[in-house]
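Please look over the sequence and the structure shown here before reading on.

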Amino acid sequence: MNNKNYILNTGSETEHRLSILEKIYGEYTSKLFQEINFQKGMKVAVIGCGSGSGIEQIYEKIGRDGRILCVDISPEQISLTKKTLDFKGINNVDYVVADIEEYIGNCDYDVVYCRFVL
């Protein structure tokens with residue numbers, strides 16, 4: 001993809017759209033998370049974190065000793081995710097604004113999760 005612009009609405013304008021997708025696909029995400037052998041203290045990367053949907057389920061499994069990396073090309077989406085997770089008291093999270101086609105992290109992850117990324 002040569003166009004690196006975020007083509008959908010971002011930030012609070014996208015919350016409604018993503019909430020609809022969560023209603024449709026959230027059950028399948030929960031089932032997937034049940035199949036993944038998450039353990040306390042794991043490091044999980046969430047690529048295309050959007051509005052932060054599903055991250056609370058990851059946090060419940062990896063606990064405070066785990067670490068979550070949220071990556072999104074949109075600063076507005078990172079801000080929305082941070083606001084959502086801060087409100088829920090989930091603070092073992094690192095946030096990176098980056099294009100996932102170009103991002104090279106500096107850490108190994110036990111699980112890399114990606115959903116609804118175009």
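## Glu56 and its partner

In this predicted model, Glu56 has a relative accessible area of 31% and is partly exposed. Glu56 forms a salt bridge with Lys88, and the closest N and O atoms of the two residues are 2.9 Å apart. Because Glu56 belongs to helix α2 while Lys88 sits in the loop between α3 and β3, the pair ties together parts that are 32 residues apart in sequence. Lys88, with a relative accessibility of 43%, likewise counts as partly exposed.

The loop between α3 and β3 also holds Gly89, a residue that counts as partly exposed at 44% relative accessibility. Although Gly89 and Glu56 are 33 residues apart in sequence, their C-alpha atoms are 9.8 Å apart in space.

## The other salt bridges

How many salt bridges does the structure hold? The structure holds three of them, and the pair of Glu56 and Lys88 is one of these. In general, side chains of opposite charge can pair when their charged atoms come close.

Another salt bridge joins Arg67 and Asp94, where the closest N and O atoms are 2.9 Å apart. This pair links distant parts of the chain, since Arg67 is in strand β2 and Asp94 in strand β3, 27 residues apart. Arg67 is partly exposed, with a relative accessible area of 32%, and Asp94 counts as partly exposed at 34% relative accessibility.

A further salt bridge is found where the side chains of Asp86 and Lys82 meet, at 2.8 Å from N to O. Asp86 and Lys82 are four residues apart in helix α3, so they are separated by about one helical turn. Of this pair, Asp86 is partly exposed with a relative accessible area of 39%, and Lys82 is partly exposed with a value of 37%.

## Strands and crossovers

Strand β2, which covers residues 67-72, is mostly covered, as five of its six residues are buried. Strand β1 (residues 43-47) pairs with β2 in the parallel sense over five bridges, and within this pairing Val46 has Cys70 in β2 as its bridge partner. Together with helix α2 (residues 55-62), the strands β1 and β2 make a right-handed β-α-β unit.

Strand β2 is also joined by five bridges to strand β3 (residues 93-97), and these two strands run parallel. In this pairing, Asp72 stands opposite Val97 in β3. From β2 the chain crosses through helix α3 (residues 75-87) to β3, and this β-α-β crossover is right-handed as well.

## An aromatic cluster

Which residues do ring pairs link into a cluster? The cluster consists of Phe33, Phe38 and Tyr113, and the count of aromatic pairs comes to two. The rings of Phe33 and Phe38 have their centres 5.6 Å apart and their planes at 85°, so this pair is edge-to-face. Both Phe33 and Phe38 are buried.

Phe33 also forms an edge-to-face aromatic pair with Tyr113, with 5.0 Å from centre to centre and 65° between the planes. Because Phe33 lies in helix α1 (residues 15-35) and Tyr113 in strand β4 (residues 111-114), the pair ties together parts that are 80 residues apart in sequence. Phe33 has a relative accessibility of 1% and so counts as buried, while Tyr113 is buried with a relative accessible area of 8%.

Methods. Residues numbered from 1 in each chain as written. Predicted model: local features only at pLDDT ≥ 70, side-chain atom pairs only at ≥ 80, totals over all residues. Heavy atoms only, no water. Buried < 20%, exposed > 50% of the residue type's maximum accessible area, 1.4 Å probe, protein only. Pairing = 2+ DSSP bridges. Right-handed = clockwise from strand over helix to strand, strands pointing away. Salt bridge = Lys/Arg side-chain N within 4 Å of Asp/Glu carboxyl O. Phe/Tyr/Trp six-rings, centres within 6.5 Å; stacked < 30°, edge-to-face > 60°.
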